Each structure stands twice: as structure tokens, then as C-alpha cells.
Amino acid sequence: MNATDRADSGALEGAVVAVAGAAGPAGRATLLRLAEAGATVVASDANPERLAEAVDAARYAHGGATVTGDTVDLLDPAAARDWAVKTEKEFGRVDGLVHLVGGWRGSAGFAETSLADWDFLEKLLIRTVQSTSLAFQDVLGRSDRGRYVLISAAGASSPTAGNAAYSASKAAAEAWTLALADSFRKAGGDQGPTAAAAILVVKALVHDAMRAERPNAKFAGFTDVQELAEAIAGVWDRPAGELNGQRLWLTPQP
């Protein structure tokens, strides 16, 4: 499928999608893909300079696309709610929240695990999911195509000794997202949900700068950020009832 075909698919045409953690490589790829598909994209990140660069890149690549940026502290539930309210008020609807806030800390083995790593990752990988899901649940429920998309890692299902804190954080974020999915299921009643929460599972992500830094590395099982962005856009192609509560694997399942 070429770029024109993808852009004309229509599932995201006119949609309003918020992207949390939008300034990194995965965020940049996602902003570009959503803008290409005709969505209005509302990006946020804790780093205002990198966020502005990512927003400008998406606007430049897709002339006429509406791509905006907000610096939001997603550790503050009130700030996340304000972002959701502001977005719905400004654009009239919110059809998606893509959670791309990421980070990693690990150790040589289980005994070397630092609980300081847990404190760091709990905020980054769990608290931001809690804040965004609670803030956007109602507005996504008012959409006829609301989607909450979490990016998770295979380690949540098969943790290794040196990744206890990271894997546990990802597993908790998945459980929280599945609880959101159950709320959408219950709200839909006999007719089925109109909104969906889903999890995209990767082993790890790779992008061009990583390949340039390590030209001999194979990155086996890694998901390219462009492939991830394509998968994110694809969740709007699936009915809410089919998608809700699903883990969609972009790497071989352990």
C-alpha cells in the first residue's frame, strides 16, 4: 500500500487524536502518519523544545494538516484533565489518545535491581497512563470512534531478571488499560462498545538514528517506529467491539 492509498483510507479523516509523549522518534513518526491520514493531531510532551520540532516537522511534511502542541505534566491528573477539556472544547471532539510516554531502566540481574528504578518507571509508565485514561475516558466515550492506544512491551508477559522494574511497570500499565477497556464494554451495553482501549505490544523500538549508531546490530524482533505508526493508525480501521481489550502483537509472541 503506498502513501496515497493510506492517506485516502478515510478511517481517520476528520478525527481528532491526542498523542502523549509525542517528541521522541515514535512520536514523530506517529504525528506524521496521523496527519497524513487526515486527522487533526494534538501533541503533548514534557520537553517543549523537542515537541515544537516534532509538531513543525509534521506540519511541514503535510501542508494544510492541523498539528498542535501542548506542554502537559501528565503526572498531574488535573493538568491531564485540563488538556482533555481544552482539546474537546477547541476541536469539538476527541477520537483518540495515543500513549507513547516511554523510558527504560534495568540492571545486570535481579539482585542488582534498584528500587529507585521502580520509582522512576512507576511515574513514567504507570502514572501517565492513569492520568491520561482518567482524563480522556469520557471524551472518548462521546466519540463514535474513540480509541485509547497503549504501547507496551513483550517483557510485561515474559519478564527477565534484569528487567523486573520495567516489566512490572509495563504489566501494570496493561492491566490499567484493560480496566479502561472493560469500562467501554460496560458503557456499550447490548449494542457493544463505541470506544475501545487496545494495547500494541513490541519487543523494543528501532529508528534510523539507532541503526546509524550501531550499523552492525541486527535489532532482531524490534519494531521500526514507522511500522508502529502504521499499526497505530490501523486501530481506527477495526470495529470497537473487535478491538476493545485486545493485545495486538507487533513482535513474535513469547
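In this predicted model, the largest pocket has a volume of about 1,200 Å³. A total of 44 residues line this pocket, and those closest to its centre are Val101, Gly102, Gly103, Trp104 and Leu205. By residue class, the lining divides into 22 nonpolar, 16 polar and 6 charged residues. Several elements take part: α2 (25-36), β2 (40-45), α5, β5 (147-153) and α6 each supply at least two lining residues. The largest share, 4 residues, comes from α5.

Two of these contributors, α5 and α6, also pack against each other. Helix α5 covers residues 115-141 and helix α6 covers residues 164-188; their axes lie 9 Å apart and meet at an angle of about 10°. Because angles under 35 degrees count as roughly parallel, α5 is described as roughly parallel to α6. The residues of the contact between α5 and α6 comprise 15 nonpolar, 7 polar and 3 charged.

Another helix that helps to line the pocket, α2, is worth a visit of its own. With 12 residues at 1.5 Å a residue, α2 should span 16 Å, and the 17 Å between its end C-alpha atoms agrees with this. Helix α2 is mostly covered, with 9 of its 12 residues buried.

Terms used:
Residues are numbered from 1 along each chain as its sequence is written. This is a predicted model: local features need pLDDT of at least 70, side-chain atom pairs count only at pLDDT 80 or more; totals for chains, interfaces and linings use all residues. Side-chain values use heavy atoms; hydrogens and water are left out. Axes are lines fitted to C-alpha atoms, for helices over the stretch in contact, and angles run from 0 to 180 degrees between N-to-C directions. Angles under 35 degrees count as roughly parallel, over 145 as roughly antiparallel, 65 to 115 as roughly perpendicular and the rest as oblique. Ala, Val, Leu, Ile, Met, Phe, Trp, Tyr, Cys and Pro count as nonpolar, Asp, Glu, Lys and Arg as charged, and the others, Gly among them, as polar. On a 1 Å grid over the protein atoms alone, a cavity is a set of points where a 1.4 Å probe fits but cannot get out, and a pocket is an open set with protein on both sides within 12 Å along at least five of seven lines; lining residues have an atom within 4 Å of a point. Grid points are joined across faces, edges and corners, and a volume is the space filled by probe spheres set on the points. The expected span of a helix is 1.5 Å times one less than its number of residues. Buried means under 20% relative accessible area, exposed over 50%, partly exposed in between (1.4 Å probe, protein chains only).
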